[in-house]
Amino acid sequence: MFELTAQVKFKHIPYKGSAPAVTDLVGGQIPSAFNPIQSVLSHITSGKLRALAVTSKTRSPLLPNVPTVAELGYPQFESTAWWALFGPAKLPDSITKKLRVDTEKVAQSAAFKKRLGNLGVQPNVDFKESLANFQTSEIAKWVRVVRDSGATID
């Protein structure tokens, strides 16, 4: 997505997870990488790595001096990892409501912020749209990226 947005070309080097990619990044075998904050934060704070930008629409509270890609001139760019809680399609409304209330309570708790907030995980429980609509827009976004990139399965 960044290549298409910024009209640059990177060499794709597939890794089996963030850990080996970060190892090669810290070791100088690769010049740059896109990684979740929790995978690189300790190396950023130690000075072994430098964060160039974050890919969310807003700056990370953990790296407040690091600009977003949008701030660097690509306002339409946003790429974030997200997780959601799912249940069976025919889950009763009363259980759905209880799960939503309890999940929001956990996500907004001090314990959550202490354990996961310190890793850069920022819960979003205040959706302006339904989860189904959010998923649909995310799928459409990534379908366009894959199609426009010309990526193929080897």
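Buried is used here for residues under 20% relative accessible area, with exposed over 50% and partly exposed in between (1.4 Å probe, protein chains only). The model is a predicted one, in which local features need pLDDT of at least 70 and side-chain atom pairs count only at pLDDT 80 or more, while totals for chains, interfaces and linings use all residues. Residues are numbered from 1 along each chain as its sequence is written, and side-chain values use heavy atoms, with hydrogens and water left out.

**View 1. The buried residues of helix α3.** Helix α3 spans residues 37-46, and its buried residues are I37, V40, L41 and I44. These residues lie on the same side of α3, because they cover an arc of only 135° around the axis, the arc being that of the directions from the helix axis to the C-beta atoms. An α-helix has 3.6 residues a turn, so residues three or four places apart point the same way.

**View 2. The cover over α3 and the residue that follows.** Helix α2 (18-26) is included in what covers the buried residues of α3, where contact means heavy atoms within 4.5 Å. Just after α3, G47 takes a positive phi of about 90°.

**View 3. The chain around these helices.** The chain has 6 helices and 0 strands, helices being DSSP runs of H or I with at least four residues and strands runs of E with at least two, numbered from the N terminus. Of the 154 residues in the chain, 19% are buried, and the C-alpha atoms fill a box of roughly 55 × 40 × 30 Å, taken along the principal axes.
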